[in-house]
Amino acid sequence: MGFAAPDQAEQLVVTELGLAADGADRDLLAALAAAPDPDLALAALAWMPRDQELMTALREDAGVRARLTSVLGASAALGSHLARHPDHWRVLAGPGAERSPGPAELRASLLTAVGADPGDVEPTASAGSGGRPPHTPPAGRRPAGAGPDQPEDPVSALRAGYRRWLLQLAARDLTGAATFEEVGAELADLAAAALDAALAIARSQLPAGAAPARLAVIAMGKCGARELNYASDVDVIFVAAPPEEGVATGETGGGAALRIATQLAAAAIRACSQSTAEGSLFPVDPNLRPEGRNGPLVRTLASHLAYYQRWAKTWEFQALLKARPVAGDLALGRAYTEALQPMVWQAAQRDNFVADVQAMRRRVVGALPAGEAGRQLKLGPGGLRDIEFAVQLLQLVHGRTDESLRVSATLPALAALAAGGYVGREDAGRLAAAYRFLRAVEHLLQLRNLRRTHTLPEDPAALRWLGRALRGSATGSAGRRDDPAEDVLRQWRQHAGEVRRLHEKLFYRPLLDAVARLPGEAARLTPEAARARLEALGYADPAGALNHIEALTAGVSRRAAIQRTLLPLMLGWFAAAPQPDAGLLAFRQVSDALGNSPWYLRLLRDDLTVAQRMARVLAASRYATDLLLRQPDMVAILGGDAETEPRPAAELRAEAEAAVRRHDQPEDAVAAIRALRRRELLRTAVGDLLGRSGIERTGEALTSVTAATIEAALQVAARSVAQARGPLPTRVCVVAMGRFGGHETGYGSDADVMFVHDPLPGAQEQAATAAAHAVAEELRALLARPAPDPPLLIDPGLRPEGRQGPLVRTLASYRAYYQRWSGPWEAQALLRAEPAAGDTGVGERFAAMADDFRYPPGGIGDDSVREIRRIKARMESERMPRGVDPASHLKLGPGGLSDVEWVVQLLQLRHAHAVPALRTTRTLAGLAAAAGAGLADQEDAAALAAAWRLAARIRDAVVLVRGRASDVLPSRQPELAAVAAVLGYPAGAYQDLVEDYRRAARRARAVMERLFYE
């Protein structure tokens, strides 16, 4: 039947209890066997005196049978109590057995037990109030700790009355008739009633003529929150006042009243804590009082206020979160909590508040013995304290502006945090489930001997009874057939791991510290506070910004609640960026687009990095904002550095080609390609704006995106032409030119290309060229379709004969042209030629052909050098836009991009035949190769490279800020300041950017004139 000691069980059943296993007692024996610990239940029943009425009830009443056997099999302490007070089993019978008593009933019962009148203003116990002595169990069967007869002193009577109610509650708990919340609340109410009874005992011990005094008992911790354990210290604070003192003001009273109140408090502690034949009640711990064990046991309200206003530490305000008057003068107690609660909800504004709370939790974990930490239900990692500290910290930070969070118990507070959007519903549900499980296990462990313990046992037998007891409770998993010990361990590991993960997520959430640092009015975000904050932060249009805030925070939805938490912070982050008004508008637009997506606001709330980065991006870049508004789900890439890393070129090509294969219609295929390009442009821009990309890395990333886009669009174009004209008679390749070929693509760059094709064997060249031309035209048309995305203009203007020449040529035609007609500038253009899309074999042959002209044996001649110098000088004079200061033109101005690039290209044309390292399409790589070969001084090369990098960065930053390209350094202060901020200059230092660029350009121009013209 499941008894661990069958022989002993048989003796108890047959000899001691005289039960008939196959007759009338079959159900009773089955109930004993189903008890958490069958052997303990059977022994405890045998300890109880013979009671025919009890045995009849056990045989005939299934409710009594289930309740009593559950208690006897789970709690040796309550079994001992029943051995001393066998008539108390009656609380388990009848309609009242499953009824939950109210606080007033518990108080009246325990006051009556000590001989006090519950109706008195100050109930006082009477001596000899114990009641009739209990039956005594037969000799040899009395449990350890059982006394002979019940002494008739009030202290023992209080314990007997307390345990009687505890017995009834434990039975409801163990049979699943009471929820965890009901058990914790009733235990707290029972403790409060016991404290009132202890005060009645204390009053009876005062000397005659003692000075009158008012004394309130404030429960703290779990008792204050009405979530008490079976065996727990009851944390209290005592507040005193003379009888004539005004409750609301807390003026100091006479010293005599304070001394009497101290005597009452000390006597009440003894009445609860001292050991008697009935055992102890519970330890009363007053060490949460001001100054702890070194401070006075009792203070006046004024003294408490003075201490908390001046000396209290962070943890003391955290403790006050659960303060509740429970005994003595309740009016004085309410005055205490009303006076101190405002301080509790202002505590988060203290310096280092969040860090202090976090440090305290780490100290607790660090102090645990190494061998115990992994089994600690309360203090260990993944234990109850992890849940409680996370919930309390969230309450204290957000509760100063949200009064719905001002509740003391953990589960209601967690529910309020979830309702307000401060914790995700799923996270809150997991934490609540874990909390109920951990507390249920803790309750059962303590119920065994009514002693404080929070450590999961290692003994398999103990784990087994624990698992069996847990299955009968409201929190347990009734009906499971696996091993109860393994079930407990499995659930413990599962819940502890989940709690630890969520604790790290919530407790160390950067949002907490950021919100805590906000001034009180700023955190509340009332319309008045918001307008004042907007003006102080420098918003250009406070009224418009206020409209956005009101739209984002209006209503009672979770979305509005989360926005109310985030916006006070984001307003400051927007203001730290170049364009705060634009940032706030964009945030509203993105939030409107994603408002019904549950992951969006959860991401911003749970990961402060995302919110802060989003503010930076939206308030700095029109370009990135436009991309994000087109694909708002890309907010997710802000969550981690890896998501802002450029993706490998091969990976982009593979994804683009897969998108083409999924769509039969050209328009659909190109839309998918554009979506990919949009996403990768945004990824690159975000990495740039967050300072994670240098100019070379950005150029490579944008070049890879452009190449993947053209490759995929070329496939669509070829497929479309083949469907219209039949199989293509030629192989087509797109050759990248200019900045595209040099892997220096900017955000505003066109794609300079040339189209080359090679007819298939046997194909007519005219038909092949017509097909290749149709493919090229279709490619340009597909990518030129109107769209809100940044345009990708395919520019074939660098082809032979420029715009007057054929759009597409064969390899042979290109070779013939370059051999016969090309000028030096066309060989110079080939320096950046690199196959980018299409047939790789054709591309390789084109590159080999181009080498013959861009790296001619012996280098270009003097005539060609002079021609290149002439063209450069002419370009500077003729292509400079009218009205533009040449010194501010990033491309054509002195020391600009063109100066550096032409120096490198001239060195390549003259020396690449002899210096293989110069055979590169990249400007900076070519410059480094020239310096390495001694063709340029290292210092000169560094000056050119610095100027080129800065000009290229400025040009990209202009596009990011404005959303459109420009080659001119901005002259208007707002735009210049925005560009400087994107480049990392401090606020107000935008003129430093101008000076830095002009200094770099002057140095580069001086070097250019030496290397290019000499």
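This is a short talk on a few local features of one protein model. The model is predicted.

Let's start with a pair of helices. Two packed helices are described by the angle between their axes and the distance between the axes. Our pair is α19, residues 425–449, and α20, residues 460–472. They pack at an angle of about 120°. Their axes are 10 Å apart.

Which residues make the contact? From α19 we have F437, A440, V441, L444, L445 and R448. From α20 we have W465, L466, A469 and L470. Now sort them by class. Nine of the contact residues are nonpolar. One is charged, and none is polar.

Stay here for a moment. The loop between α19 and α20 holds L450. Look at its backbone. L450 is not a glycine, yet its phi is positive, about 50°. Is L450 buried or exposed? Its relative accessibility is 17%, and the cut-off for buried is under 20%, so L450 counts as buried.

There is another positive phi to show you. R226 has one of about 60°, and R226 is not a glycine either. Find R226 in the loop between α10 (221–224) and β2 (234–241). The relative accessible area of R226 is 34%, so this residue is partly exposed. That class lies between the 20% and 50% cut-offs.

Next, a strand residue. P759 sits in strand β7, residues 751–759. P759 has 18% relative accessibility, so it counts as buried. What does P759 touch, leaving aside neighbours within four places in sequence? The contacts are P729, T730, R731, E765, A768 and T810. Now take A941. In sequence, P759 and A941 are 182 residues apart. In space, their C-alpha atoms are 44 Å apart.

Last stop: helix α40, residues 897–911. This helix has 15 residues. How far does α40 reach from its first C-alpha to its last? The span is 21 Å, close to the 21 Å expected at 1.5 Å a residue. And α40 is mostly covered. Of its 15 residues, 13 are buried.

Methods. Residues numbered from 1 in each chain as written. Predicted model: local features only at pLDDT ≥ 70, side-chain atom pairs only at ≥ 80, totals over all residues. Heavy atoms only, no water. Axes fitted to C-alpha atoms, helices over the stretch in contact; angles between N-to-C directions. Helix = DSSP H or I, 4+ residues; strand = E, 2+ residues; numbered from the N terminus. Contact = heavy atoms within 4.5 Å. Nonpolar A, V, L, I, M, F, W, Y, C, P; charged D, E, K, R; others polar. Expected span 1.5 Å × (residues − 1). Buried < 20%, exposed > 50% of the residue type's maximum accessible area, 1.4 Å probe, protein only.
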